[in-house]
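The sequence and the structure are shown first.

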Amino acid sequence: MSVLNELKKVTEGLAQVIEQPVTAKNRDQVLEQIDEYLDKRSQLLENVKAPFSEVETELGTLIMEKDKEIQLKLNHLFLALKGELRDVKKQKVSTEKYLAPYRNVASNDGSYWDKKK
């Protein structure tokens, strides 16, 4: 039962970290904390063994409900980060096009073709 109690504590800690607003300044720190909690959870989940008592079953259902909420919030976080990366790539491409608009243009401007023989 101690493994399930520890799993519940880690799950609640992960939920608290995910609840924090993610800004550009604290993004790396929040992602590192999330990664640490997910590693701890995966190790604890490997140690969970059956059979379970009634108390352990109730604790397991609470953990599963919290896990669904965590999955939903992680998906939202992932989509937000994906959108930010897409915006950064667009900005990089538009900046390059603005700074060197004629880089990819192949022309013979300034050359003179003499048609005399």
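This is a predicted model: local features need pLDDT of at least 70, side-chain atom pairs count only at pLDDT 80 or more; totals for chains, interfaces and linings use all residues.

Helix α2 passes helix α3 in a left-handed crossing. The axes of α2, which spans residues 27–47, and α3 come within 13 Å and cross at roughly 145°. On the side of α2, the contact is formed by Arg27, Leu31, Ile34, Leu38 and Arg41, and these meet Ile63, Asp67, Leu74, Leu77, Leu81 and Glu84 of α3. By class, the contact of α2 with α3 holds 7 nonpolar and 4 charged residues, with no polar ones.

**Overall composition**

The protein has 3 helices and 0 strands, and its order along the sequence is α-α-α. Of its 117 residues, 20% count as buried. Among contacts with a separation of 6 or more, 81% come from residues 24 or more positions apart.

**Helix pairs**

Two packed helices are described by the angle between their axes and the distance between those axes. The table gives both values for each pair.

| Helix pair | Axes come within | Crossing angle |
|---|---|---|
| α1 and α2 | 9 Å | roughly 160° |
| α1 and α3 | 10 Å | roughly 25° |
| α2 and α3 | 13 Å | roughly 145° |

The axes of α1 and α2 cross at roughly 160°. Because angles over 145 degrees count as roughly antiparallel, α1 is roughly antiparallel to α2. The crossing of α1 past α2 is left-handed. From α1, the residues Val3, Glu6, Leu7, Val10, Thr11, Gly13, Leu14, Val17 and Ile18 take part, and they meet Val30, Gln33, Ile34, Tyr37, Leu38, Lys40, Arg41, Leu44, Leu45 and Asn47 of α2. This contact of α1 with α2 comprises 12 nonpolar, 4 polar and 3 charged residues.

Helix α1 covers residues 2–19 and helix α3 covers residues 54–99, and their axes cross at roughly 25°. The angle makes α1 roughly parallel to α3. Here too the crossing is described as left-handed, with α1 passing α3. The α1 side of the contact consists of Leu4, Asn5, Leu7, Lys8, Thr11, Leu14, Ala15, Ile18 and Glu19, while α3 contributes Glu56, Leu59, Ile63, Lys66, Ile70, Lys73 and Leu74. The residues in the contact of α1 with α3 divide into 9 nonpolar, 2 polar and 5 charged.

**Individual residues**

Which residues does leucine 7 contact, leaving aside its neighbours within four places in sequence? They are Arg41, Leu44, Leu45, Val48 and Ile63. Leucine 7 lies in helix α1, and its relative accessible area is 2%, so it is buried. Between leucine 7 and serine 42 there are 35 positions in sequence and 9.3 Å in space, C-alpha to C-alpha.

Is arginine 41 buried or exposed? With a relative accessible area of 7%, arginine 41 is buried. Arginine 41 is placed in helix α2. Not counting residues up to four places away in sequence, arginine 41 touches Leu7, Val10, Thr11, Leu14, Ile63 and Asp67. Arginine 41 is also listed among the α2 residues that meet α1 and among those that meet α3.

Valine 3 has its place in helix α1. Its relative accessible area is 27%, and valine 3 is therefore partly exposed. Beyond its neighbours within four places in sequence, valine 3 contacts Leu44, Asn47 and Val48. The C-alpha atoms of valine 3 and leucine 44 are 6.7 Å apart in space, although the two residues are 41 residues apart in sequence.

**The loop between α2 and α3**

Proline 51 is located in the loop between α2 and α3. The peptide bond from alanine 50 to proline 51 is cis, with omega near 0°.

Note on methods
Residues are numbered from 1 along each chain as its sequence is written. Side-chain values use heavy atoms; hydrogens and water are left out. Axes are lines fitted to C-alpha atoms, for helices over the stretch in contact, and angles run from 0 to 180 degrees between N-to-C directions. Helices (H or I, at least four residues) and strands (E, at least two) are DSSP runs, numbered from the N terminus. Angles under 35 degrees count as roughly parallel, over 145 as roughly antiparallel, 65 to 115 as roughly perpendicular and the rest as oblique. A crossing is left-handed if the near helix is turned anticlockwise from the far one by less than a right angle, and right-handed if clockwise. Contact means heavy atoms within 4.5 Å. Ala, Val, Leu, Ile, Met, Phe, Trp, Tyr, Cys and Pro count as nonpolar, Asp, Glu, Lys and Arg as charged, and the others, Gly among them, as polar. Buried means under 20% relative accessible area, exposed over 50%, partly exposed in between (1.4 Å probe, protein chains only).
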